[in-house]
Amino acid sequence: MTDQIPISITVNGRSVRRFVDPRLLLIHFLREDLGLTGAHIGCETSHCGACTVDLDGMSVKSCTMFAAQADGATITTIEGMANPDGTLSVLQESFRQMHGLQCGYCTPGMIMRASVLLRENPDPTDDEVRQGIAGNLCRCTGYQNIVKAVRHAAAVINGRPSQEAAE
Amino acid sequence: MIPGTFVYHRPGTVQEAVALLADHGEEARPLAGGHSLIPMMKLRMAAPEHLVDLRGIGALKTIAEDGGDIVIGAAVTQAQAIASDLLAARLPIIRGTALQIADPQIRYLGTLGGNVANGDPGNDMPAVMQCLGARYVAEGPDGVREIPAAEFYLGPYATALAPAEILTAIRVPAPPAGHGWAYEKLKRKVGDYATAAAAVVLTLAAGKVATCAIALTNLGPTPLLANAAAAGLVGSNLAPADVKAAADAAKAITDPAGDGRGPPAYRREMAGVMVARALTRAAQRAANGA
């Protein structure tokens, strides 16, 4: 058998050191070793985006990456998205207000992806939001209210009135 | 969906990586962005015993100008290419193509080197590189050599790269300012490979085609340079009959597989449509000076 290797990762502000099998996927490390079950396993084939996490400011599909590759990285998962006092972040609250979810399975991935999108493009158009979340599948909403939620969050963050209303 | 076991290596230099690949021979594979290899490993269609992760090699991650060439490190990601001001100014077709590859998450990790070295006929960059006259820089136990993109692809997943060689960079002769370009890709959905796609790079002089290159993606066992189609356009003003003749000549060299993207006859027809659209768009861009 192959030797385990040491990795050191910062997850949601917490420094984590573990020995892992080289073949351990990042999503399994997060869910099973760290108990962070917010990132979901959907398709397991890098299509659906339910496993999306923030890795060094990039949105990545944690089902298509070995934990070993994340050695030295800073990762944020949905568990790290709330405000420090435990209240929902603007983006999370926007998904709630705009009904940007139905079953909720895709939501952690959607929010993690949208957070990086808004960092890179603080005031996206509808089309830019759709392009930006093209790697995240939702089978319930038809995306309308997800796009509204992201645009609503952008409006709140930019300090202007939101034009969005949930359908 | 658990990959087989392997030994993980993370060398800090190209030389160390080459030595590891040479030591372990066929049992070793280089790992860049991993978005082709890891899915194959999860399906157990690939089961390398040694993975040589290239991400610790900083020298592979730069984009720079060197003489008349733009040199793109093999580990430059699609996202890095999209964000590069140098590529936007000098090689806009690379940005335009990268934006049509997979989805944002995959573009953060997927690399240009992986895209061109993988040898999957569905990869988009190989046809673009052929159109641009790019050369691939390969480093192996016997030293460094350059392989023209036009001679690199031998069949599905079969390339001119020797087993212990690593593709370290792509050298692209910068096309002249004001050249026209297009990458037209028909796909069923985000993340899919092309049903048919065509790359065009051309220059105009006094409204007529001065130079032209056309290449095709996923329409045969390798990317296809449509040299006859391109040569027939030189001196023309891209009238509808000229464009149709080029599209027909390009269609004639295709040999598409029949799969979920459609039967061969449909994909061949779409090859012609993509070539025609790419020529039209490239000519518009050249006429507009962008």
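This is a predicted model: local features need pLDDT of at least 70, side-chain atom pairs count only at pLDDT 80 or more; totals for chains, interfaces and linings use all residues.
Residues are numbered from 1 along each chain as its sequence is written, with chains lettered from A in the order in which they are written. Local features need pLDDT of at least 70 and side-chain atom pairs count only at pLDDT 80 or more, while totals for chains, interfaces and linings use all residues; side-chain values use heavy atoms, leaving out hydrogens and water.

**View 1. Chain A meets chain B.** Here 33 residues of chain A are in contact with 30 residues of chain B (contact means heavy atoms within 4.5 Å). The two chains bury about 2500 Å² between them, and carbon and sulfur atoms give 62% of that area (buried area is the accessible area, with a 1.4 Å probe, that two parts lose on being put together, summed over both). Look for R23(A), F66(A) and Q69(A): they supply 25% of the area that chain A buries against chain B, more than any other three residues.

View 2. D124(B) sits in the loop between α7 (112–117) and α8 (125–132) of chain B (helices are DSSP runs of H or I with at least four residues, and strands are runs of E with at least two, numbered from the N terminus). With a relative accessible area of 3%, D124(B) is buried (buried is under 20%, exposed over 50% and partly exposed in between, with a 1.4 Å probe and protein chains only). Its side chain makes a polar contact of 2.6 Å with that of Y183(B) and another of 2.9 Å with that of K185(B). A polar contact is a pair of N or O atoms within 3.5 Å; within protein, one must be able to donate a hydrogen and the other to accept it, and residues adjacent in sequence count only if both atoms are side-chain atoms.

**View 3. Helix α8(B).** Follow the chain onward to α8(B), which is largely enclosed by the rest of the structure because eight of its eight residues are buried. Among them are M125(B), V128(B) and L132(B). Just after α8(B), G133(B) takes a positive phi of about 70 degrees.

**View 4. N12(A) in its loop.** Most residues other than glycine have a negative phi. N12(A) is not a glycine, yet its phi is positive, about 50 degrees. N12(A) lies between β1 (5–11) and β2 (14–20) of chain A and is partly exposed, at 27% relative accessible area.

**View 5. S46(A) in its loop.** S46(A), also not a glycine, has a positive phi of about 60 degrees. Its loop runs between α1 (26–33) and β3 (52–55) of chain A, and S46(A) is buried at 8% relative accessibility.
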